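Subject: A structure for you to look at

Hello,

Please have it open while you read.

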Amino acid sequence: MFPFFSRSKMSDVPEVNPAPAKTQESHPLDALTGGAFSAATSSERASRIRDWLATQPAPEQLQEVFKELSGRDKGAARAVRERLDEIRRAKGQEAIAAEWAEKAQALLAAPKLNIADALAWQRDAAKAGAPLSREPLSLLKVQVADRVKVIEDLQHRVQVQREAAVLLAQRIEVLSTKSWKDAHAALELLRADVVRWQEQAQELTGDASWVSVEARFPPLLEASRTQLLVVWDAFQPAVAQAAAAAEDAAAPLPPVPVWADELRVARGLPTEAAAAVAAKPARVVKPKVTPEVVEKAVQVVREALATLEKETAEGHGKASAGAAAALRAVLKVHGKHIDSALEHQVHAALVAAGELEGWQRWSADQVREDLVAKAEALLHRPDGQALGGRKMQESLRQLREQWKQSDQGGAANHGLWKKFDEACNAAHKVVEAWLEKIRTEAAEHKAQRMALIEEVKAWAQEHAASGDWKAINRALHQFGDRWREGGHVGEKIFAELQPLWKQTISAAAAPLENAQKESLARRHAMIDEAVALGAAPTLRIDAVKALQQRWQAEAQTVPLDRKHEQKLWDAFRKPIDEAFNRKSADREKAVTELSARDRVVLEASKALEAANASGDVQQIRSAMQALEAALHGQAQAAQAVASAQSNEPNQLQANNPAAIDAPENVAPDASSEGSEEAPAPVPVAPKPAARPVVAVRGDDRPGMKKDAPAAPGRGGRPGDRRDGRGDRDAGRGPRADGHFGDRNDRGGRFGDRPAYEDRGPRLGDTAFRAQRDAMEHAQLALKKLAAQAHGEALTQLLTAWEKRDAALLPSTQELGGRVTGAVRGAWAQALSAPAAGDAAEALLRLEMAAEAPTPAEHIDARRYLQLQLLTRRNDPAPAQTWGQDAARVLASANDPASARRLQNVLKTLLRK
């Protein structure tokens, strides 16, 4: 076993004593921070830093310690940094506090304080981050709140005084219904109360804060005073007059009816009511209400009730309140004419409208809570989904607008508003950072644009004498692109930079613009020359070429705007093109003149177009046959002429047999002399009659037609000879040994095929296009008329099925070639008999035959039928028995769904 230690105690190796540790030098700031820099651990260093911060060091010392400590221990330096941030924040808050303190003092110093302005001061100060909990803002906040409380107390006292005036008036009114003695006994007490009320009202109006009361309260107090004094001034004389009438029987009675009757009874006279009853004539019977009035009253009440119920059901708070007021107004007028059931319904609707109004106040708080949740969620979005500055700004604006709308629907909730405002202010920091970034980028973009302006100025001075206009134009365009891509700046900055840029770029482009003006003058002169050349009776090609070369040289030297240059080129080229077109038209005039043959085709084409316009099938077919006859008649005439020409040589050979043997009697030297001397003149044959032109769009070049000889020259094959002596092996005949066979008996390359049909020369372009267009229009018209006839026949068939009248069934010709006489007879027989049977399976077979879609409710039945048909191998397919299936459908009863399905399948089956 090895020992545990690599060196035993008895080893001869001397022990090495470790060197003493070097004494660490103390940091200069240790004395200031209590040894924080020489602490052994981070926690001890942080503890010493906290103890040092408790001594409230100066900001300069904090900054120096933070600078040294941040590189050593960031955890311990965090406390120093937080203290520096607090000091910096405190300095900023002091400035904000001074600003808002000045605003508060201005509010308090004003003779009239608006409660809304005071509340807005407190809200805006909190939003701006002002320290409302510290002096002097805390004291000013209390003063503003006290001032607002005083004003609100004054407004409350005005309402109390108003109620007191109403109570005093009611007391006087009640006393006027009792004995005058009670009123006389309570006169002094009432006088004291009225005087006290006036003193309190005078005290309210004399308060220093009375001018800050809302504008609606002073008129309320004045109206209550006026009303009370009017009642009091009428009550005092009436009591005095009643006392005088009680003492003197000859004195006049007071104007109060109860007191006057009491005094009459005391004097032994009848009361006014008894005298009125005695003098009153017999009671007139109240006329009965007519039924028309009752019916009108019920109708008006029901209309107002229906409106209220509708608005209540839709949840329209304001509209339901207006409808409830309208219903109450109608009840005041017509309520006495309605029955108890309708009156109960009206009261139930009014109660529901009141509940809706209370529910809306509750729902407004629900909306506010949702808005608070949305505002708080703006900063707590998932990773990667944080909103940008602009999107955050728009979201905050929308949330605040929605809050304003919720305030309009119910009473304000200050607690929710505070939470909402704090969340919006926290989210607005993102917007502030974004705005700061935009301002920084705008400053950079402004500097870049100013540098570009200076660069353009230097470039303009450098290239002032240059003559390379293309390079100058290219550089100016590049400068313009760089200006457009210079980044976004504010509207105010852009309004300042844009005039400078326009002035600089205009000065740089001035030489090019002058050169372009001179080039325009030269190009207009060349356009005038082109007009003169084009108007000349004889077109000079050399002058036109020289003028075009001058134009190209000018265009390559001085560049212009692409559109302007193209317009000038079109104006320059137009007279020359017109001259060449006139020359071409004159050249082609002789070729394109219509012959008698072309006129025949044109007349037939015009007749076919007229028939197409008429819409008559027979007339169109007749016109088509006439046009085809004109075309085929020309071809037949051409064939007759060609056959006549081919028969003439045969007749000559028959009349002169020696002409056939003439080549054999020719001496051998004739062949050699024939190549050097001109051939003997041949008797001129009489000129054949002109052949009619055949409507052909082939290749009528010389040598391309089968009956036209090719132009003289070397043939396409190596065996062809230029001297026209034919094949070199033509006179040899077949070989005797038959080794290669008779190569002359092999026939043509493609076998014995018939010769090409001679269709004659082609039509002129005008005649050919006319007959082609007429034929195309005729075919389209026939297709359209056929489709129209098919639709009419199908409509008649469905009408016959609906009315079950075989006489309305279309004929076989109208139904088309797909319907035979037997099928139509089966259909007529089915329509003649009474409706019977079920057409469900027949309709499914028809849809399978036409490959048409089946309605959704019958898809399962179609699949089942398809499975059944797979097992019936010998039965005919639905496509073979669709006529019998249609007869089964026509034999059944008609219904819209089946008619629609039958129409869909017959559209396809009748056309196949």
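**Helix pairs**

Helix α2 (residues 42-53) packs against helix α4 (residues 74-109) at an angle of about 25°, and their axes are 8 Å apart. That angle makes α2 roughly parallel to α4. On the α2 side the contact is made by R45, A46, I49 and L53, and on the α4 side by A76, A79, V80 and R83. Sorted by class, the contact of α2 with α4 has 6 nonpolar, no polar and 2 charged residues.

A few notes on terms before going on. This is a predicted model, in which local features need pLDDT of at least 70 and side-chain atom pairs count only at pLDDT 80 or more, while totals for chains, interfaces and linings use all residues. Residues are numbered from 1 along each chain as its sequence is written, and side-chain values use heavy atoms, with hydrogens and water left out. Helices (H or I, at least four residues) and strands (E, at least two) are DSSP runs, numbered from the N terminus. Axes are lines fitted to C-alpha atoms, for helices over the stretch in contact, and angles run from 0 to 180 degrees between N-to-C directions. Angles under 35 degrees count as roughly parallel, over 145 as roughly antiparallel, 65 to 115 as roughly perpendicular and the rest as oblique. Contact means heavy atoms within 4.5 Å. For the classes, Ala, Val, Leu, Ile, Met, Phe, Trp, Tyr, Cys and Pro count as nonpolar, Asp, Glu, Lys and Arg as charged, and the others, Gly among them, as polar.

The other pair is helix α18 (residues 491-535) with helix α19 (residues 541-557), which pack at an angle of about 165° with their axes 11 Å apart. This makes α18 roughly antiparallel to α19. The residues of α18 that take part are S519, R522, R523, M526, I527, E529, A530 and L533, and they meet A543, V544, L547, R550, W551, E554 and A555 of α19. By class, the contact of α18 with α19 has 9 nonpolar, 1 polar and 5 charged residues.

**The chain as a whole**

The secondary structure comes to 31 helices and 0 strands. Of the 912 residues, 29% count as buried (buried means under 20% relative accessible area, exposed over 50%, partly exposed in between, with a 1.4 Å probe and protein chains only). Among contacts between residues at least 6 apart in sequence, 70% join residues at least 24 apart.

**Nonpolar cores**

Which residues touch the most other members of the largest nonpolar core? Of its 32 residues, they are W827, L846, W882 and L902. (A nonpolar core is a set of buried Ala, Val, Leu, Ile, Met, Phe, Trp, Tyr and Cys residues joined through side-chain atoms within 4.5 Å.) Two or more residues each come from α25, α27 (821-832), α28 (840-850), α30 (882-891) and α31 (896-909). Helix α25 gives the most to this core, with 6 residues. Setting aside neighbours within four places in sequence, L902 is in contact with L798, W801, L843, L846, V889 and L890. A second, separate core of 31 residues includes A186, A201, A245 and W259.

**Single residues to look at**

- D73 sits in the loop between α3 (59-69) and α4. With a relative accessibility of 10%, D73 counts as buried, and beyond residues up to four places away in sequence it touches S42 and R45.
- E565 lies in helix α20 (residues 562-592) and also counts as buried, at 17% relative accessibility. Leaving out neighbours within four places in sequence, E565 is in contact with R523, A555 and L560.
- T766 belongs to helix α25 (residues 765-803) and is partly exposed, with a relative accessible area of 47%. Its C-alpha atom is separated by 9.8 Å from that of R599, 167 residues apart along the chain.
- Q56, in the loop between α2 and α3, has a phi near 55°, a positive value in a residue other than glycine. Q56 is exposed, with a relative accessible area of 58%.
- R804, in the loop between α25 and α26 (812-815), also has a positive phi, near 55°. R804 is partly exposed, at 24% relative accessible area.

As background to those last two, most residues other than glycine have a negative phi.

Best wishes
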